[in-house]
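Thank you all for coming; I would like to take a few minutes to walk through one model. Please have the sequence and the coordinates open while I talk.

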Amino acid sequence: MIRDPPLLQILYDLHPMDLINLGLVCKKFHEMLYRPSSADIWRTVRDRNEIPDFPSKLRVSEQRFAELVFCETCHLCKESAKSGTTMKRRIIWGMGIAVCEICHWSRLVAMSDLAMPKLTFLLKIMPTTDTPSRSGCEFHQLH
Ligand SMILES: [Zn+2]
């Protein structure tokens, strides 16, 4: 909980992208803004910027919602959509990630493509360790 009224007033007047950028300034700001008790700050900023309450409907935190919607970075390859480029991001709400078009098509597999015969094949070619899982399941942990 931030107990500094002048700082809170400044934070409330920002845009969600400003909060994200502020969280990147230093570890102290990141910890301050990304702790669960700071969700009120993000909620207030979202409300003041007239952004509907999608986080509660989508069951994501205020912070995660802002990152998914306003950041321009692909969560898989870490590439950023810079202004003037044609890179597009897709938000995959169920996974809580945003990915670029290249990663979407090359690194994600649709659930419908995971029919059992294909899944068995994929499990055979995935990198594994020789350590059996605690449950005694025949599958192994991924690296
Ligand atoms: Zn990517």
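Let me begin with a definition: a nonpolar core is a set of buried Ala, Val, Leu, Ile, Met, Phe, Trp, Tyr and Cys residues joined through C-beta atoms within 7 Å. A residue is buried if 20 or more other C-beta atoms lie within 10 Å of its own, exposed if 12 or fewer, and partly exposed in between, with the C-beta atoms placed from the backbone. With that in hand, the largest nonpolar core has 13 residues, and those with the most contacts inside it are Leu19, Ile41 and Trp42.

This is a predicted model, in which local features need pLDDT of at least 70 and side-chain atom pairs count only at pLDDT 80 or more, while totals for chains, interfaces and linings use all residues. Residues are numbered from 1 along each chain as its sequence is written.

As for the overall layout, the secondary structure of the protein chain comes to eight helices and four strands, taken as DSSP runs (H or I of at least four residues for helices, E of at least two for strands) and numbered from the N terminus. Reading from the N terminus, the order is α-α-α-α-α-α-β-β-α-α-β-β. Of the 143 residues, 15% count as buried.

Returning to the largest nonpolar core, with its 13 residues, the elements that give two or more residues to this core are α4, α6 and β2. The core draws at least three residues from each of domain 1 (1-71) and domain 2 (72-108), where the bounds come from an automatic or database domain assignment. Leu19, leaving aside its neighbours within four places in sequence, is in contact with Leu11, Leu14, Leu33, Trp42, Val45 and Ala66, a contact being two residues whose C-beta atoms, placed from the backbone, lie within 7 Å.

How do the helices α4 and α6 meet? The axes of α4 (residues 39-48) and α6 (residues 62-70) come within 8 Å and cross at roughly 50°; axes here are lines fitted to C-alpha atoms, for helices over the stretch in contact, and angles run from 0 to 180 degrees between N-to-C directions. The two helices are therefore oblique to each other, given that angles under 35 degrees count as roughly parallel, over 145 as roughly antiparallel, 65 to 115 as roughly perpendicular and the rest as oblique. On the α4 side the contact is made by Ala39, Trp42, Arg43 and Arg46, and on the α6 side by Glu62, Gln63 and Ala66. These residues divide into three nonpolar, one polar and three charged, where Ala, Val, Leu, Ile, Met, Phe, Trp, Tyr, Cys and Pro count as nonpolar, Asp, Glu, Lys and Arg as charged, and the others, Gly among them, as polar.

The buried residues of α6 are Glu62, Gln63, Phe65, Ala66, Glu67 and Leu68, and they pack against α2 (16-23), α3 (27-34), α4, α5 (54-58), β1 (89-92) and β2 (97-100).

Finally, a word on the backbone. Arg59, in the loop between α5 and α6, has a phi near 60°, a positive value in a residue other than glycine, and with 10 C-beta neighbours inside 10 Å it counts as exposed.
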